[in-house]
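Dear colleague,

Please find the structure below, followed by a short account of what was found in it.

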Amino acid sequence: MALRCVGLLLSKELSASFSGLRQTRALSSSSRLFSSDFLKNSPNNALDKSILGRYRHLETPSDRLQATYLWIDGTGENIRVKDRVLNKIPKEVSDLPKWQYDGSSTYQSQGENSDTTLVPRAIYRDPFKPGKNDIIVMCDTYLADGRPTPSNKRNALQSAIDKVGHEEPWFGIEQEYTLLDVDGRPFGWPANGYPAAQGPYYCGVGADRVYARDLVEAHTLACLYAGIDFSGTNAEVMPAQWEYQVGPSLGIKASDDLWVSRYILQRIAEEFGIVVTFDPKPVEGPWNGAGAHTNFSTKATRAEGGIKAIEEAIEKLSKHHERHIKAYDPKEGKDNERRLVGRLETSSIDKFSWGVANRSVSVRVPQGVANAGKGYFEDRRPSSNCDPYAVCDALIRTCLLDE
């Protein structure tokens, strides 16, 4: 049975009290927006976006291409990119050259030994460049002595996957995120005060319930063009909050896809003049947080009678709750402390729990899986700003490698 990515059901937690609501977190989990005009005063806001169109129609050499090398910086949650022109069209990722960059400027090395290496790992079509051969290159990062940088979680995941190929692990990830307006508040929220309580927004329709659908649909089209295993999208429980799903995909692809899809989302948001935040609790108070619920299955769980393998995996997870909490956000649980509070469709960060069709537990078994007696389970603990490489690595090592 194919793994399906599912969104949140409508929250039942309504509250008329919004006292104590604090400002949104934006751009990264370590920064807050206090300025009311940070985009209004940005040079990007003054640029005429139509001018670039004059040059996109210029004919470029057919034997050359632009490659955007993409990697994760030392924060473990922010993306960096730089472009280069290649004079050979790659047939596979091994045809692409490695590339060095200044790791001291990305929190990944010291200035006296700052050459850090990008190693290409996956190729995607580039929806932002005009050439038919232009590509995005997902890379991982290595120090000058050849060791993986501390923020390179892909290397460990690939090592784990190499050991369990016969288990055919599939992953599907539900990425939630929040859009921010020019004043740093959630996009579409009133400048003074707050919108009506949660209830009408999840999968909603209408100008008073859904904001920036144009951006969301542009993101879908760009991801499909790029070659991402993109499964769908929906408006989420909090207004200005959205979700999309990648997978189900075999092995490491869902994690690669998620990082590239985050980059594509942020690039499109630049053009709309909107900021995307992956912070797991962008607005404090009676508002849902944002997660990256991770759906996991194996050859055994998908086979007839696979519910037994699912229950065995959940039992293993129950014994390593603290380890997974540390792996599920870049601050080793500190970001998730604000989100996993035992309400607003979350479990408690301090206690492992599971159940069938229950969205207030650590691990959920969908009702359809329970009825079929096979399929997958959903780990609801990963935060929206998680590193999917770290999440998938933890699941494989606990459930399949018994580490």
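Which residues make a nonpolar surface patch of about 400 Å²? Ile 51, Leu 52, Tyr 55 and Leu 58 make it. Patch residues have over 30% relative accessible area and no salt bridge, and nonpolar side chains are joined within 5 Å. Accessible areas come from the Shrake-Rupley method with a 1.4 Å probe, and a salt bridge is a Lys or Arg side-chain nitrogen within 4 Å of an Asp or Glu carboxyl oxygen. Tyr 55 lies in helix α2 (residues 53–56).

This is a predicted model, in which local features need pLDDT of at least 70 and side-chain atom pairs count only at pLDDT 80 or more, whereas totals for chains, interfaces and linings use all residues. Residues are numbered from 1 along each chain as its sequence is written, and side-chain values use heavy atoms, leaving out hydrogens and water.

Helices (H or I, at least four residues) and strands (E, at least two) are DSSP runs, numbered from the N terminus. In helix α4, the buried residues (under 20% relative accessible area) are Leu 215, Val 216, His 219, Thr 220, Ala 222, Cys 223 and Ala 226. Their cover includes β4 (115–125), β6 (170–180), β7 (230–235), β8 (241–250) and α5 (253–272), where contact means heavy atoms within 4.5 Å. Gly 227 follows α4 and has a positive phi, near 105°.

Glu 174 is part of strand β6 and counts as buried because its relative accessibility is 0%. Its side chain makes a polar contact (N or O atoms within 3.5 Å, one able to donate a hydrogen and the other to accept it) with the side chain of Asn 295, at 2.9 Å.

Yours sincerely

Terms used:
Buried < 20%, exposed > 50% of the residue type's maximum accessible area, 1.4 Å probe, protein only. Patch = residues over 30% accessible without salt bridge, like charges linked within 9 Å, V, L, I, M, F, W, Y side chains within 5 Å.
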